[in-house]
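Here's a quick briefing to read alongside the structure. It takes the topics one at a time.

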Amino acid sequence: MINGKPRISVTTLNILNVLFIFVSFIMLIGYFLFYEAEKEFETRAGNIRDRFIETQKANIKTEIGRAEAKIENMRLMRQETIRIFLKNRAENAEDILKKLYAANAPQSLITQTLDSLKWDNGTGYCFVFDSNGKFIFHGGNNSLTGTSIFSIVEGNEGLEKFLADLEGKNETFGHYDWIKPAADKNDLYPKIAFAKYVPELGIYIAAASYTEFQDAYLKKYILELFREERFGYNDYGYFFIMDADYRVLLHPVMSEIENMSTFDITDSKGNNLGSLFSEALKSTDSAYVSYYWKAPKGQEPEEKVTYMAKISAWDWIIATGFYSSDFNTYLDRESRELKEVFHNDLIRISALLAIIVLITALISIYINVHIRKIEKSRLREMNMLEQYKLVLDESSIVSKTDPQGRINYVNDKFSTTTLYSKDDVIGRSHNVERHPATPRETFRRMWETISSGRVWHGVLKNKKADGTSYYKSATIVPLKDEDGHIIEYISSGHDITELMENRDRLENIFNTDVLTSLGSRMKLLADIERTEKPVLGLLDIDRFSAVNDHYGNKTGDGVIRETGSSIFRRLSRKPYSFYRVNADTFAVLADGADIEQFKNDIRDVQYSIASTGVKIGSEEIPITLRSGIAYGSRDVLAYADMALNNAKARNADYYVYDPADMQMAANYGKDIAVLKSIYAAIKNDKVFPVFQPIYNIATGRIEKYECLMRAEDETGQILTPGDFMDISKKTRIYPRLTLIIIEKSVQKFKNLPYEFSINLTIEDLMNDETMEYLITYAKSHDVLSRLVIEIVETEELQGFEEVLTLLREFKNHGVKIAIDDFGSGYSNFEYLIKLNADYVKIDAGIMKHVLEDERATEIVRSIVTFARQTGVRTIAEFISSEELLKAADSLGVDYAQGYFIGKPERELAG
């Protein structure tokens, strides 16, 4: 200070001078550049409008074409699905009739049985006629029974052609018009039908559906799909759909005009929209039309150009358009882009000038900057630490303790979560919130870790001030001084109570059979593991498939439910646990029970149920049970299953597993040997993955590998999952096999650039230990972004919404999802969307037929089309030849896998 006024140093004056020169240059150059940009833009703007309008017209026409193609693809896919469904229905009816004719069943039973085969709210049915054309059964009109089909064919060209094709081919699909049940007899409705000749019975069997019913479902789905469809810049574009009478079926942004006729709607200048549209399409299938309409985000009506096209298959009209304001938006964007170019030039020139100015300035202020450098660095570090602390305090539960474990700091989130005030805990140890359910061993290991200077991670169950509990995912870090001595411990964590409760709920759902409320197969395996001396009985309903066939699935479910209840009621006073392990097999588990008493209890249940049967509604259904009993081994489920199968083979009511039974040893020796081989392979580290390459068809390179499980037995023979997986799932060793493949696959690829997939079943996905190990191990080796979870047996995932939640959590970590064997089992398009998969593997059973079966080709084409529209990549399996690879390429498949690309090997292919 000089005379009370701040002193201005030469260094400060130099800095101000440099800043003045720098700002002056920036302003001068900025003015020049932006002035030139405005002139250039005004010159270009006059030429843009016409080009913009023509481009936009072409764009909306292209979008309409894309929408038409999507609708047509979905319609064709639906037709193919119906054709497959009808063929299956006819073949089901054929199987039933063969059984009934073989049993000399009366005509009344044949009629009753076939009459139960209806669908589509009773409008879909089967009909049967003999080689002379006489109806044996007609599911839509019983009065036709005994009449000739040829007496009603006259004048029905579609039916005539259908019968002619059937006579020539013995199996055919066809379309014709027919009376709908309960409808006016003068009204005919389009049908699609499949029929085949059964030479053994000398009859024709047909199944048919009304296309109106099928189309209604698909139309509704498509309307909802296009309600969300958007395109163009900032997703401004949408489609609206009208019927042939110009009634609005769909308008995504003005739902209030849906179901209104456009002849009742006028634009802002009084033009009748229905008249405009109908006149434009009077003599053509597509046209442009212009009118004035309010844009979705606009304030005033403006000119809109719309392109319309007819969809003749459904008498629909689909349309979309663009607004004149879109040109202004486009013009603004062009302006911004041009200005951005000049702005970048300004920055580069200004930066160059600034460098020159700064070099000069730096010479004069070097000493000053050097002195202040350390101070600024320290200030910056302190500021960053304060910001880190702020972030930590705002997002986490934070506490600090001294080396003796006494709390010296807690943040507000700690108090909010635990309900302890700061005064309640400062100076006390964390025992204040310790929950008695948390083992002391957990805290002992935690203190061993942090007192040795290492970081501890874990989950703790703690107690709040009000006595309730909460779960915390915690990380504790030792803080050290400059000499490496621990001076404090800092703990940060998150309240994961909801996550843990959801996990418990998920575990309960998975451990309970939905139909019977008994324990599930996975719960049985877990309980066997916890049992010291397991004794297990399996009870299987005899000929349950016949019950299902005769009474139907609904009654079959009732039989299973009542059988489970009967077993539980009759043995509930015993110290036994009860399970349903698969469709019609139940399990009773005891710990250390007397084997003779246990056997007698199981036999009593069999006799009791055999004498009373089960009652479903008013129907008394006789059933009998067979049983298999085993004891004395952790693999008791596998042995009980062998005993049950032995009882069936001997036509005996029950069988107790006995290793000394030579006949049983002969029948099931292979299973026992395989089980022993797998135990030995695990012990001797002979379980390993092999790697099959996956080839990118576009780039011509191998980019991924699938990890497949193998095991080597004591003779050196290599076993595949087909040899040991079923028996392994009935024992405690299956989760261990999965963990081995996870560990060895991650180790293989941790330093390689390839993606790699690991196959997981429903048992794996629902095993907490397996899933926690997978995510932790993969994360610790930095492979999450290259890991692909390949889901097998997707049909078992029905109803497990919690599994979908688990998969979404994996995707949040960067893991990709693949669906195996798509096109078979429960693999359908709806499930593909639900899983949000990244890859879909086309079933080998489809791919191997594409060279000779056009239906297989169409199925692959449909899968590829749908996958592309939903952003999913496709992988074709069973590529065993160059011809199949070329076929996959021509169908648009992204990747190929099979023996032509490379066999599964222990070492990676080129």
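Strand E6 (240-243), helix H5 (273-280) and strand E8 (286-294) each put at least two residues into the lining of the largest cavity. Keep in mind that this is a predicted model. Below are some notes on that cavity, a sheet and a helix pair.

**The largest cavity**
- Searching the whole structure turns up four cavities of 30 Å³ or more, and the largest has a volume of about 100 Å³.
- Its lining is made up of Phe240, Met242, Val248, His251, Ile257, Thr262, Ile265, Leu273, Phe277, Tyr291, Trp293 and Lys304.
- Sorted by class, that lining has nine nonpolar, two polar and one charged residues.

**The five-stranded sheet**
- Five strands form an open sheet in the order E2-E1-E5-E4-E3, with antiparallel pairing.
- Strand E2 (135-138) and strand E3 (171-179) sit at the edges, each pairing on one side only.
- From one strand to the next, the twist averages 25°.
- Helix H3 (residues 157-169) packs on the sheet and touches strand E1 (125-130), E3, E4 and E5; the direction of H3 makes about 160° with that of E3.
- Strand E4 (residues 188-198) and strand E5 (residues 203-210) pair antiparallel over eight bridges, and Ala195 stands opposite Ala206 in E5.

**The H12-H13 pair**
- Helix H12 (residues 544-551) packs against helix H13 (residues 553-571) at about 140°, with the axes 7 Å apart, so H12 and H13 are oblique to each other.
- H12 makes the contact with Phe544, Val547, Asn548 and Tyr551, and H13 with Asn553, Thr555, Gly556, Val559 and Ile560.
- By class, this H12 contact with H13 has five nonpolar, four polar and no charged residues.

Conventions: Residues are numbered from 1 along each chain as its sequence is written. This is a predicted model: local features need pLDDT of at least 70, side-chain atom pairs count only at pLDDT 80 or more; totals for chains, interfaces and linings use all residues. Side-chain values use heavy atoms; hydrogens and water are left out. Axes are lines fitted to C-alpha atoms, for helices over the stretch in contact, and angles run from 0 to 180 degrees between N-to-C directions. Helices (H or I, at least four residues) and strands (E, at least two) are DSSP runs, numbered from the N terminus. Angles under 35 degrees count as roughly parallel, over 145 as roughly antiparallel, 65 to 115 as roughly perpendicular and the rest as oblique. Contact means heavy atoms within 4.5 Å. Ala, Val, Leu, Ile, Met, Phe, Trp, Tyr, Cys and Pro count as nonpolar, Asp, Glu, Lys and Arg as charged, and the others, Gly among them, as polar. On a 1 Å grid over the protein atoms alone, a cavity is a set of points where a 1.4 Å probe fits but cannot get out, and a pocket is an open set with protein on both sides within 12 Å along at least five of seven lines; lining residues have an atom within 4 Å of a point. Grid points are joined across faces, edges and corners, and a volume is the space filled by probe spheres set on the points. Two strands pair if DSSP finds at least two bridges between them.
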